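Here are my notes on the model you sent. They cover the sheet, the helices and some charged pairs.

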Amino acid sequence: MNVKVFNCRSNSEDEAKILLITKNKNKLPSISSGWRFNFNKHSKKKEHKTYTLTTLINPDVVEGCLIINTKTDFHVYMAFVEVAPHNKGNKRMYDKVAGCLIAFACRQSFMNDKEGYVAFDVIEEKVEDEIKLMTLYSQKYNAVRLKNTTTMIILPEGSEKLITEYLN
């Protein structure tokens, strides 16, 4: 799927693609390359599908990675989503990478007859970091916290907004 990400250095949009990874999973981002998650390891689960976001300018560099499970009963489960280390903080290369990947998970929910429901868990070592991250997901990506758990859900209305904002 074609998307656009914001190049923070040139202050313009760059063309990018979200691709399903079926081969060469050994080239997926990992902890050893500065990422938080080992996508190579986590992508091997049977029900999981792994997607990467790369720009057309530099298709060999993964700007963000997503692992989802579309085989759940009522929603798409977003198991892992992360942007590249060089896309974090004030000196990041690209913005909108996480939004594009999360919106893509929302789109997959509609395409897999889950009506736009996307669920995920926020798990951090410190409770204050979980709360900070859940607040971000609520404000920026329309996620709703499920009672007092660390599980969050993006409802169909929120999914539609993300798809409109990031994929169209």
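1. Which strands does helix 2 lie across? Helix 2 (residues 97-111) lies across strand 1 (2-7), strand 2 (12-20), strand 3 (48-55), strand 4 (62-69), strand 5 (76-83), strand 6, strand 7 (118-121) and strand 9, at about 165 degrees to strand 5. Helices (H or I, at least four residues) and strands (E, at least two) are DSSP runs numbered from the N terminus. Angles run from 0 to 180 degrees between N-to-C directions, with axes fitted to C-alpha atoms, for helices over the stretch in contact; contact means heavy atoms within 4.5 Å.

2. The model is predicted: local features need pLDDT of at least 70, side-chain atom pairs pLDDT 80 or more, while totals for chains, interfaces and linings use all residues. Residues are numbered from 1 along each chain as its sequence is written, and side-chain values use heavy atoms, without hydrogens and water.

3. The open sheet has 9 strands in the order 6-1-2-3-4-5-7-9-8, with mixed pairing (two strands pair if DSSP finds at least two bridges between them). Strand 6 (94-95) and strand 8 (143-145) are at the edges with a single partner strand each, so one side of each has no neighbour in the sheet.

4. The model has 5 salt bridges (a Lys or Arg side-chain nitrogen within 4 Å of an Asp or Glu carboxyl oxygen). Glu-82 forms one with Lys-88, the closest N and O atoms being 3.3 Å apart. Glu-82 is buried at 5% relative accessibility, whereas Lys-88, at 40%, is partly exposed (buried is under 20% relative accessible area, exposed over 50%, partly exposed in between; 1.4 Å probe, protein chains only).
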